[in-house]
Amino acid sequence: MKILKKFRVFFLILLIIPCLLLFTACTQQDPYVVKIEKTYTLGNVDIYTITYSNGTTSTFTIENGTDGEDGNDVTIESIFDYCVSQGLYNEDEFTKFLEDYLSIEAGDDSYQYATNKALLSAVTVYVEQPTQSLGWYGHITNDTQIGCGGGVIYKMDDEYSYIITNYHVVYYSASMTDNKIGKNIYIYQYGVDEDIVKYEDVLNDDGYPLVEFNGGAVKCEYLGGSMNYDIAVLRVSTQDLLANNADARAVDIADGYSVADTAIAIGNPEGEGFSVTKGIVSVESEDLTMQGADEESIITFRVMRIDAAVNGGNSGGGLFNSNGELIGIVNAKGVYSSDNTPLDNYAYALPVDNVTKVADNIISNYINNNNTATGVVKLDLGLTITSQNSKATYTFGKLVITDDAVITEVSASYTSDFQVGDIIKSIQINDTTYEITRYFQFDDLLLTVREGDNVIIKLNRDGAEIEIDLSTVDSNYFVHVV
């Protein structure tokens, strides 16, 4: 018999200030094709995605032989060029060619391809937590709680695979473990039997009710996490994953995302197994302040807002675009507004550009610390960065937001060269230079700096360009982020 006792619902009560939004009509030219690319191979079929100037996409398929190996390389441009050479189309009738021959109006199939692709990288997560309660006459009762959430396969090598989930999925403030991380953590893959049995009258060696994870359960090792980023990384045997599903794969990472992009949420609501919901990105980036996993700290996360339906157990699950690429990790949901009005489809996800940097940081620190979980360790320059002069521009059918990353406070800094009012324009880490077009990018990139790296930061100070060379970064300026 499967018994799941839900102990953790990471819902959010929001304080909403009602406002009136006024919209004006505008005219726009017909959408045109911006890009065509092969985005996935499924058996002997290649799936191509067409991106239009208004930000929408559609897909078409071409048979490629056996498992994508025996067919010839084909591009839609080469097909169109052939049709032009045969006098079927003029060179300026590419869009008409697509409409006639590729059924671009039937774009709904792209969601099926995206979801099936994403499911190969999705997992459900179950966490065993020993707890105690105080009863009559001071009697202490041992119990075992089972928490649930979702996750994604982030990276795979021959020996290990790395799973990303939320920190609050594996952490429980009432746990009797030393670090409040689950005593045992297991994952299941799509299509594999989930069989979790809790025995109320049978105790394990520690004197808590015994829990058995059966079926296709794969046991995890906790590598580290951070409450302030709400990200944790688990490690499992790659051989065990492939034994359950030979097609298991590391998730594809999206280059970016924007408002109105498709948002496909795959999670484990109520601990009942895989569930898929679909919506859009409704806000590209905002700050969300709420109670942390320890149920004491107040933490501010950078999140995207989505309208896909999510519930308790979706936490840690992946958020995917219409190409099946990861754009975020679901971590919270709005429940009520300030006047107790219920909120529907008002959820949040941690953006993929931040998530991957945090995960890589955790993995690197674990390996460099003799395979011991240390969590997130980040370069601290003693700077407070805020957004100023934010604006949106219309580019290739999408609204792209840019702002100035302005230094508003300098504390115990790595160097005295920084000044309040400086605008950060770029950061060079070793041989790679990153332009700063959003204020949060700078802080995210500090997660990628390792001891001994060479770092050069370019600033705009009163119209003049200033370059600060940090040379070889010293270990004394790294801090542990809880």
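Arg 235 touches Tyr 160, Ser 161, Tyr 162, Lys 219, Cys 220, Glu 221, Leu 223 and Tyr 366, leaving aside residues up to four places away in sequence. Contact here means heavy atoms within 4.5 Å.

This is a predicted model: local features need pLDDT of at least 70, side-chain atom pairs count only at pLDDT 80 or more, and totals for chains, interfaces and linings use all residues. Residues are numbered from 1 along each chain as its sequence is written, and side-chain values use heavy atoms, without hydrogens and water.

Arg 235 sits in strand β12. Arg 235 is buried, at 9% relative accessible area. Buried means under 20% relative accessible area, with a 1.4 Å probe and protein chains only. Helices (H or I, at least four residues) and strands (E, at least two) are DSSP runs, numbered from the N terminus.

| Element | Residues |
|---|---|
| Strand β12 | residues 231–237 |
| Strand β15 | residues 298–306 |
| Strand β18 | residues 347–351 |
| Helix α6 | residues 352–368 |
| Helix α7 | residues 439–446 |

Six strands form a closed barrel with antiparallel pairing, in the order β13-β14-β15-β18-β17-β16. The twist averages 55 degrees from one strand to the next. Strands pair if DSSP finds at least two bridges between them. β15 and β18 pair in the antiparallel sense over three bridges. Tyr 348 in β18 is the bridge partner of Arg 305.

Helix α6 lies across β15, β17 and β18, and runs at about 55 degrees to β18. Axes are lines fitted to C-alpha atoms, for helices over the stretch in contact, and angles run from 0 to 180 degrees between N-to-C directions.

Helix α7 is mostly covered, with six of its eight residues buried. These are Tyr 439, Phe 440, Phe 442, Asp 444, Leu 445 and Leu 446.

Note on methods
Buried means under 20% relative accessible area, exposed over 50%, partly exposed in between (1.4 Å probe, protein chains only).
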